[in-house]
Amino acid sequence: MVKTDCSHTHRSYVRYFLNVINTFTQTANHSRCSFYGNVNVGKDVSVEELQRAYHAVVLSYGAEGNRRLGVPGEDLAGVYSARDFVGWYNGLPSCRELSPDLSCETAVILGQGNVALDVARVLLSPINMLKKTDVTQPALEALAESQVRRVLIVGRRGPIQVACTIKELREMVNLPGTRPEMVAADFEGVTEALKDVPRPRKRLTELMLKTALEIPGEKEQQRRSMASRTWGFRFFRSPVEVLADPGSNRTAGVRLAVNRLEGSGEGGRAVLTGEVEDVSCGLVINSIGYKSLPIDPSVPFDSRRAVVPNNMGRVQQATGLYCSGWLKTGPTGVIATTMNNSFDTARSVVEDMDSGTLDVSAAKSGSQTISALLEERGVKPVTFSDWEKINHAEMRKGEAVGKPREKLLTVEEMLQVARA
């Protein structure tokens with residue numbers, strides 16, 4: 001019997017998020033930082049009111065909208081956005097009632113980014129491995145009963161254009177109880193094309209090639225032979241329709257257009273060949289991306305690109321207003337990319353202060369005005385110490401069952417703990 005360290009991935013995630021939490025805690029506890037949770041900007045307080053109270057306002061609220069597939073059948077039962085599915089197992093209050101149907105054998109994930117791989121990993125992970133993470137108890141109970149045994153991760157272009165990163169792919173390759181199931185023809189010509197790609201992309205593609213085409217060593221062969229679940233990439237495919245079970249509104253499959261690639265490298269473009277193929281499945285996860293939403297009528301917004309139009313984080317035609325993260329760039333890159341992006345925005349703020357573009361000579365009332373406004377409107381913010389109460393309550397609940405935390409699943413529960 002092959003022994004695998006199932007807890008390695010869990011430990012690395014826990015360490016990573018503890019580092020993130022510690023960094024944010026240091027900032028939030030700074031004497032010059034005021035934290036206002038449970039405040040809806042654009043409704044409880046406007047961006048114009050924030051601008052009157054502060055010299056500079058940075059919008060960094062991310063991308064909480066879903067990009068729709070735009071194909072027939074995407075509203076059938078059994079089709080979920082990756083945002084909602086991830087929100088469900090991560091305990092997002094708005095996704096608590098999702099209750100996905102996991103009674104089918106095959107799931108198809110449309111999109112090949114890191115979120116798609118996260119969803120595949122959660123669907124196929126041994127339940128004992130997930131029990132040591134902060135996946136919520138209701139999600140754990142549903143996943144324990146899941147009949148999903150095969151996950152296909154579909155993308156419109158080829159292996160060299162895949163959107164995930166090597167860390168997430170490696171975790172998928174090494175996932176206990178699973179084996180990869182690739183199509184060798186998808187990798188034709190890829191080895192020759194590798195000489196022209198940057199090193200990170202080259203390493204990622206080499207791992208895919210090894211996983212798909214190489215005969216594994218004895219230990220890996222033994223591991224794969226014992227696997228009860230499979231996963232695989234399907235390249236050069238675009239969804240054209242989600243197929244319904246005859247006589248019901250349930251998902252029975254997905255029709256995929258077969259593409260060919262025009263051009264090379266990351267600029268390669270998917271072109272339809274006119275061929276289609278049907279894949280039987282009972283679960284479809286749309287993971288083609290997120291999009292930002294407008295927050296306030298006074299803030300310029302590019303609806304086509306779903307970003308706030310900006311130059312190095314400076315919002316166009318709005319002195320003193322800045323943006324960072326996916327709101328600035330669109331939903332691209334990993335956390336390190338977004339961090340570097342936010343440093344660029346901070347640099348723009350400092351440059352504008354130094355050049356006089358941002359006038360900081362006159363004092364502004366800052367949090368005093370905002371606190372008074374919120375109180376006047378009956379809005380009671382969650383302070384950082386309130387947030388820490390919620391954090392500690394979740395960690396205590398988790399400790400009792402051997403998890404990093406057990407999340408509170410409604411805003412009402414959170415507020416009750418915060419105000420106790």
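User: Which backbone oxygen lies 3.4 Å from a polar atom of the Arg229 side chain?
Analyst: The one of Leu123. Keep in mind that this is a predicted model.

User: OK. Where is Arg229 found?
Analyst: Arg229 sits in strand β7, residues 229-234.

User: And what about a salt bridge for Arg229, and which opposite charge is nearest?
Analyst: Arg229 has no salt bridge, even though it is buried. The nearest side chain of opposite charge belongs to Glu145, and that is 10 Å away. A salt bridge would need to be within 4 Å.

User: What does Arg229 touch, then?
Analyst: Setting aside residues up to four places away in sequence, Arg229 touches Leu123, Leu124, Ser125, Val148, Arg149, Gly177, Thr178 and Arg179.

User: Leu123 and Leu124 came up there. Is helix α4 mostly buried or exposed?
Analyst: Helix α4 covers residues 114-124, and nine of its eleven residues are buried, so the rest of the structure largely encloses it. Leu123 and Leu124 are among the buried ones, and so are Asn114, Ala116, Leu117, Val119, Ala120, Arg121 and Val122.

User: Another arginine: is Arg224 buried or exposed?
Analyst: Arg224 is buried, because its relative accessible area is 15% and the cut-off for buried is under 20%. Arg224 lies in helix α10, residues 218-225.

User: What's around Arg224?
Analyst: Not counting residues up to four places away in sequence, Arg224 touches Arg179, Pro180, Thr211 and Pro216. Arg179 is also on the contact list of Arg229.

User: How many bridges do β8 and β9 pair over?
Analyst: Seven, in the antiparallel sense, with β9 running over residues 251-262. As one example, Pro239 has Leu256 in β9 as its bridge partner.

User: Last one, Val411. Where is that?
Analyst: Val411 is in helix α15, residues 411-418. Val411 counts as partly exposed, because its relative accessibility is 34%.

User: What is Val411 in contact with?
Analyst: Leaving aside neighbours within four places in sequence, Val411 is in contact with Asn38 and Pro93. Val411 and Ser94 are 317 residues apart in sequence, but their C-alpha atoms are 9.2 Å apart in space.

Technical notes
Residues are numbered from 1 along each chain as its sequence is written. This is a predicted model: local features need pLDDT of at least 70, side-chain atom pairs count only at pLDDT 80 or more; totals for chains, interfaces and linings use all residues. Side-chain values use heavy atoms; hydrogens and water are left out. Two strands pair if DSSP finds at least two bridges between them. Helices (H or I, at least four residues) and strands (E, at least two) are DSSP runs, numbered from the N terminus. Buried means under 20% relative accessible area, exposed over 50%, partly exposed in between (1.4 Å probe, protein chains only). Lys and Arg count as positive and Asp and Glu as negative; His and the chain ends are not counted. A polar contact is a pair of N or O atoms within 3.5 Å; within protein, one must be able to donate a hydrogen and the other to accept it, and residues adjacent in sequence count only if both atoms are side-chain atoms. Contact means heavy atoms within 4.5 Å.
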